[in-house]
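Please look at the sequence and the model first.

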Amino acid sequence: MIRSVLIANRGEIALRIVRAVRDLGLRAIAVYSEADKLAPHVLLADEAYEIGPPRASESYLSVDRLIEAAQVAQADAIHPGYGFLAERADFARAVEGAGIIFIGPTPETIAAMGDKTEARKRMAAAGVPIVPGITDPVSSASEALRASRILGFPVLLKAASGGGGKGMRVVDRPGELERFFAAATREAESAFGDGRIYVESYVDRPRHVEVQILADNYGNLVHLGERECSIQRRHQKLIEEAPSPLLTASERSDIGEVALTAARAVDYRGAGTVEFLHHNGNYYFLEMNTRLQVEHPVTELVTGIDLVEWQLRVASGEQLAFSQGDISLTGHAIECRITAEDPLAGFLPSTGTISHLEVPAGLGVRWDGGVLEGLEVSRHYDPLLGKLITHGPDRLSAIGRMTRALDELEVLGVKTSALFHRRVMEEKDFISGHISVAYIEEHQSILSPEVSEDCLVTAAVAAALMEDWHRSRHRTPRLNSENTGNRMSAWRNSG
Amino acid sequence: MTRYFVTIDDREFEVKVGTDRVSIDGQELEVSIESSGVSSVHSLLVGSRAHKILGDRSTNGEWSIHLDGLLVEAHVLDERTRAIRGMTQANARLQGPKPVVAPMPGMVLKVEVGEGDCVESGQGIIIVEAMKMENEVRAYSGGLVTRVHVKEGEAVEKGQILVDLGPLKASGAHDDTC
């Protein structure tokens, strides 16, 4: 029985989990670093515990501090969210060792899938197709070069403990290998504490399709359809949707079956995702994420199943209340990741204090956010501010609702990716579903800093009028004041 | 009637604001704007087109404007201030390429150039880690590296000068092959 859950995370996903925990009438326990004292996951939890300084390594990544907080709070279970410690088998083991339920698969499953090279071996053995490449990490740039020459350029260097595009580099030419190998190793070392790298063939312009899995402790296993996550930048997903606009019904059931095979091969329990590259009608196992995904809401909207609720139920020892035949997909859902990055300046991270935030609402619109006005977006954590998700009876209506919702979203204080999403929503290849992981490279005009003449003129007029009003209000008062506020040019007084 | 000069991304607009009319670069517009005066939200009607505008003023006419999903930085000057600025700035025009500055706070992971190196416009200069990603900071323009201000492992603030660039050697010298 779980009566209380400590959420070992921050940002939008911590709030998402706080909500699910409270929906079930359980006690939600937040943890936070010194930088997150005012974060919404803290404000909306039932209890909150400070666990250390802003640096993640001394707070959200500190196994000891998290377990200590859970013990002080008498938490029955710990939900790791995604990122941070979510896919660290040693963390799951430490949690269980402390007599606390870990909401996720077993440490053995996490270890098997967390080591991408080990996972590739296990999948190949289970008959799941994998991307051609080596199945062991390389120890040096020269070894990577030898492997690459055998596979043929271009190749992809990947972190053995990788995920989220970190520690990953495409290498087109042998001459680039040494530099990229060093960069990938450094990035992997800092992101995962494990700098091991392996080499795969680079699949040209594939689509990224992944299947959501849900399993209980009694051998019941369902897949909840696929998500298309092809709109990526530097291997970071930006837009996800469910279902994929390009899969046929038979491909859907095939890939779903393969995903179930993959999950069975590692005795999976809880919610997990099997990622595939889809290319010319073939699909290859990429990796399995043994945790909740950032983009899980699109699956929730088309299946009507609350994935976090089911993670909690499975961890409590409940059986799945549905079988594969009960799962049906209704309509279409799209998610845009709203990040603190400037899309018109190469997605440069943008830091600052959120001075204004207005989130969209209305039918078919969901906002999973992790920020509030007054909150500082710092360089310590990833730049995801929130996820805007829309649902409609079909893909075009979901796009229409997303377009409208993006127009309503207002964030001031940091630059955001919203403008990028707004431009994608009206781009014809996206609308017709002609997308691949190379979408952004092939549609550079979306990132063009040019704005329409109309928009510039409107901004200039607004600036002049606002300045004029500002000056009339802040003018030094005369002795016999005649400007009592009603003489403003284009201004109409309201109220 | 007050004349304002509004600069957005190097473009200058002349906006005349009168008691009942507004014109931009000589073109008259039917415009009305409304605000509660409490928040930064403004309602702007241009003809019958409705816009929700968020306007934040920092100092001296620097406006941060959000409209139609776009964030615009606008600088508003009146006629007199503009004339004075024009005179004082005419002599102080910057010579040579711009220094390379940190676009965001972060930590210097790698310095890819040394003093005396020639760099091309767009060439990677320094790798800064921020938000768990490596970001390559590039030169805005080509030039000669005259000074490197930071070391690997050093924390930098947004806007901090990383590398100074000087003009390349005078044309005619045949070593401008960088």
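## The interface and a sheet

Across the interface of chain B and chain A, five salt bridges are found, a salt bridge being a side-chain nitrogen of Lys or Arg within 4 Å of a carboxyl oxygen of Asp or Glu. In one salt bridge the side chains of Glu467(A) and Arg57(B) meet at 2.8 Å, N to O. The model is predicted, so that local features need pLDDT of at least 70 and side-chain atom pairs count only at pLDDT 80 or more, while totals for chains, interfaces and linings use all residues. Residues are numbered from 1 along each chain as its sequence is written, chains are lettered from A and ligands numbered from 1 in the order in which they are written, and side-chain values use heavy atoms, with hydrogens and water left out.

The two chains bury about 5,300 Å² between them, 64% of it on carbon and sulfur atoms; buried area is the accessible area (1.4 Å probe) that two parts lose on being put together, summed over both. Contact means heavy atoms within 4.5 Å.

| Chain | Residues in the contact |
|---|---|
| Chain B | 62 residues |
| Chain A | 57 residues |

In chain A, an open sheet of eight strands has the order 13-12-9-10-11-14-21-19, with antiparallel pairing, where strands are DSSP runs (E, at least two residues) numbered from the N terminus and two of them pair if DSSP finds at least two bridges between them. The edge strands, each pairing on one side only, are strand 13 (282–289) and strand 19 (365–369) of chain A.

Methods
Helix = DSSP H or I, 4+ residues; strand = E, 2+ residues; numbered from the N terminus.
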